[in-house]
Amino acid sequence: MNGNTRNCSSYFDARQRDGEIKGLFFLDKTQRDTEGKRRTDLHFLDLERGEISDVLSTTPPDVPLGSTVVTCGNHVYTIGGKILRGGILRSLNHVFRFDFKHAERGWRKVSSMLYPRGLPEALAAQGKIYVFKGSRDCFGEVYDISGDSWVPLCVPSIAEYSGVSRPVLLDSSRSRILVHFSGDRYRSLYAYYYNDKSWVCLDPKFPCWSLTVGIVGNVLYVFHEISDEICSWKAYDVQDKKWLPVKWLTEFSLYQPFTAPVGAPLIHLGNDKWCMVWHSITLNCFEYLIFRMWRNGHGGIYAAAVDGYRTSASFGSVNPTILMP
């Protein structure tokens with residue numbers, strides 16, 4: 001067990017203050033174990049200071065690479081993944097749990113999924129984890145954390161001819177999960193109401209979706225790439241079902257940072273404040289943009305950077321995974 005696990009609880013307590021996210025945990029695969037295989041280490045990125053912690057914990061070898069990571073309260077779960085066996089890449093149904101408040105317990109295996117899944121989409125809501133994609137045999141399933149049990153997720157008819165786009169998005173104020181479906185002919189936006197266990201089509205023709213997407217209140221924000229260099233944001237009112245004009249008050253919004261990969265996660269820090277974070281191999285550091293987006297009272301959206309263009313934190317990393325708060 002790594003000696004820094006005792007600090008995990010203090011970092012978790014410092015992650016949020018005054019209703020705003022101040023730091024992010026992430027998994028890093030830079031270091032290798034005694035057998036020369038890449039290991040997965042847990043770190044903490046302080047967004048205010050631009051500092052990164054030492055290793056807080058290391059996942060056990062049986063946690064597969066390529067698993068999906070979900071946080072729920074003071075726990076984090078690794079779900080599914082792939083492993084190379086006999087020259088064939090096979091999906092797994094393993095699930096492991098880590099407690100930030102009791103890091104000394106390490107990563108513990110909990111009940112496995114009903115079906116093996118490679119790189120599934122997943123999120124947590126009201127004590128349950130909802131898992132989509134990653135299996136040809138089952139559309140989705142739900143994990144009851146208190147009962148440590150899995151049940152299949154009801155399937156919408158559109159799933160028969162359309163696939164789920166990444167990512168699925170929690171709309172907690174309406175007790176639902178937004179799921180974008182993409183097929184040969186149509187791209188549609190659906191909502192799964194998890195209390196009623198029902199699906200509703202919100203927009204049968206919803207072309208704009210990306211890996212960088214978030215929602216607060218009635219507004220869904222989508223990072224839209226025009227070309228390799230030029231990009232913009234789109235805003236959609238999910239209640240009135242209409243697109244809203246976005247006006248940027250700072251220059252950075254018009255150009256995607258050249259070191260940012262496609263699909264940098266969009267994180268809601270609190271109130272009208274957002275963050276995009278990615279690792280730059282070119283600059284050997286984490287970079288992140290903190291900005292505000294808000295309704296301007298004239299039927300549109302204003303946006304502006306906070307404290308300059310972007311911030312960086314030096315850190316050499318291989319394929320890091322940001323843990324969404």
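Author: Quick ground rule before we start: a contact here means heavy atoms within 4.5 Å. And keep in mind that this is a predicted model.

Reader: Which residues does Thr59 touch, leaving out those up to four places away in sequence?

Author: Thr59 sits in the loop between β6 (57-58) and β7 (68-72). Setting aside residues up to four places away in sequence, the partners of Thr59 are Thr40 and Trp107.

Reader: Is Thr59 buried or exposed?

Author: Buried means under 20% relative accessible area. Thr59 has a relative accessible area of 9%, so Thr59 counts as buried.

Reader: What about β14 and β15: which residue in β15 stands opposite Ile129?

Author: Strand β14 covers residues 128-132 and strand β15 residues 140-144, and they pair in the antiparallel sense over five bridges.

Reader: Now the second largest pocket. Which strand gives the most to its lining?

Author: This pocket has a volume of about 550 Å³. Of the 22 residues that line it, the closest to its centre are Lys37, Arg38, Pro61, Val63 and Leu65. The lining divides into nine nonpolar, five polar and eight charged residues. With four residues, the strand that gives the most to this lining is β9 (residues 82-85).

Conventions
Residues are numbered from 1 along each chain as its sequence is written. This is a predicted model: local features need pLDDT of at least 70, side-chain atom pairs count only at pLDDT 80 or more; totals for chains, interfaces and linings use all residues. Side-chain values use heavy atoms; hydrogens and water are left out. Two strands pair if DSSP finds at least two bridges between them. Helices (H or I, at least four residues) and strands (E, at least two) are DSSP runs, numbered from the N terminus. On a 1 Å grid over the protein atoms alone, a cavity is a set of points where a 1.4 Å probe fits but cannot get out, and a pocket is an open set with protein on both sides within 12 Å along at least five of seven lines; lining residues have an atom within 4 Å of a point. Grid points are joined across faces, edges and corners, and a volume is the space filled by probe spheres set on the points. Ala, Val, Leu, Ile, Met, Phe, Trp, Tyr, Cys and Pro count as nonpolar, Asp, Glu, Lys and Arg as charged, and the others, Gly among them, as polar. Buried means under 20% relative accessible area, exposed over 50%, partly exposed in between (1.4 Å probe, protein chains only).
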